[in-house]
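Let's take a walk through this structure, starting with charged side chains and ending with a pair of helices. Have the sequence and the 3D view ready.

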Amino acid sequence: MSGDPVHRILLVEDQPLEADFIRQELADQGYAVLSAADGLAALEVIRETIPDLVLLDIRLPKLDGIEVLKQVKADSRTRFIPVILVTALAELEERVRGLDAGADDYITKPFQSFELLARIRSSLRIRRMYEELAATQDKLKRTREENRLLRQEIQGKYSFDRILGKSPAMQQVFYLMEKAIESPITVVILGETGTGKELVARSIHYNSPRKDKPFVVQNCGALPESLLESELFGHKRGAFTGAVADKKGLFEIAHGGTVFLDEVGDTPPALQVRLLRVLQEGEIRRLGEVRTFNVDVRVIAATHKDLKEEIKAGKFREDLFYRIHAFPIPLPALSERAGDIPVLVDHFLKKYSQRLGKDCRISPECLELLERYPFPGNVRELENEVVRAMTLATDGEELRPKHFSDPVRERGAGYSPVREGSIQDQTGHLEKAMIQQALRDCRGNRSKTALKLGLSRRGLLNKIKRYGLD
């Protein structure tokens, strides 16, 4: 027994000679022996010490062994302690009563030492199993509680108020998201890179009836066609070189939940047929598998591409387009909601103050600079700029233009007048700068630029030609 923990055994025996003999046998085997000579003393020792095993004679003064056994097994703290009843050969009826009361084993007098020790070892193995079971149940209970708290945290993280924006464009996004939550309809989120498409998708999922089921993400342009097919649909062992075991695809893993297909416009044409079948029939088939599986998943897709143009170019199936385009949610570029920039900047300053250990604020001059910059990378680029500025600043320092990148300082600086020249020269310079800025804000779209500047399209084209802005 060297190396094993020392087990404490309570010997409950009112006959001194028998008690001494058994005590010596147990001590010789390395057990720690506790003793009690009557039933009441036995209960007191059990409750105070919680022994690893009880060797309990049936015939005891003050309180018989059967009653002691019943009280031990009725107490939640002691019910898992193994109890071996010690009976006389003629006490068959008592043995039956003891087993019915919860005894784990029994041994009849007279007995051989090796038999007693074998029954003790067997009962201690059972106790270890009880302990392991209790530990597993406790671990499962903690895991369930951790999962519950994690679900609450995730649901809070992706609640609507975490998506910032007060502009009319964002209010329309919130309205569409609320409608999407109420329905299992397929959603496609449209927007430029950095506008927060995945955040919107997660918010829809974690506020929907599917919130307790998986949310899985796959970028359709991130993998070669063969790997993407295996990721989405799974494969059977031996389906291809390296397929050493069966593998579930993301559609199976997400059963009952949501699959988010990011950049769905990059899906290879051959896979588009299989996606269409999932959306139409709710069926998938693993690579190398003959039978099909039914899956219950909601599909949310996202793309920065113009899928209608992709259809014209022969790169995207028209029937798949109409399946995923059932409920489009267009996300505005940051340049289309510049009024939200102060809210976003304030959020990022608070978000990173603890991580960076700095408490920074932003100057009004700098905020105006950011509002004039078009942010081609959208909210993600704004976040990166704020983090960069905070990294360069010292704790408590006000963020100024010097803390931001060259493109922000140069393109967001506004219109600086020429130092010399006539009023006409000054006016021409200002007009040229305004047209340049408007073209940047409108991503080169001349019709939008003309509307923004209050010009006709022909008038704008004439000015572009005059100032050499082609």
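A salt bridge here is a side-chain nitrogen of Lys or Arg within 4 Å of a carboxyl oxygen of Asp or Glu. Keep in mind that this is a predicted model, where local features need pLDDT of at least 70, side-chain atom pairs count only at pLDDT 80 or more, and totals for chains, interfaces and linings use all residues. Residues are numbered from 1 along each chain as its sequence is written, and side-chain values use heavy atoms, with hydrogens and water left out.

How many salt bridges does the structure hold? The count is 31. One of them pairs Glu-397 with Lys-402, at 3.9 Å from N to O. How open are these two? Buried means under 20% relative accessible area, exposed over 50%, and partly exposed in between (1.4 Å probe, protein chains only). Lys-402 counts as exposed because its relative accessible area is 58%, while Glu-397, at 22%, is partly exposed. Elsewhere, salt bridges with shared partners tie Glu-13, Glu-18, Asp-57 and Lys-109 into one network.

Arg-23 is partly exposed at 28% relative accessibility, and so is Asp-20, at 43%.

Another salt bridge joins Asp-104 to Lys-73, with 3.0 Å between the closest N and O atoms. This pair links distant parts of the chain, 31 residues apart: Lys-73 belongs to helix 3 (residues 65–74), and Asp-104 to the loop between helix 4 (92–101) and strand 5 (105–109). Is Lys-73 buried or exposed? With a relative accessible area of 18%, Lys-73 is buried, whereas Asp-104 is partly exposed at 24%.

Finally, turn to helix 8 (residues 225–233) and helix 10 (residues 269–281), which pack at about 15° with their axes 10 Å apart. Axes are lines fitted to C-alpha atoms, for helices over the stretch in contact, and angles run from 0 to 180 degrees between N-to-C directions. Contact means heavy atoms within 4.5 Å, and the residues making it include Leu-228 and Leu-232 of helix 8 and Leu-271 and Leu-275 of helix 10.

Technical notes. Helices (H or I, at least four residues) and strands (E, at least two) are DSSP runs, numbered from the N terminus.
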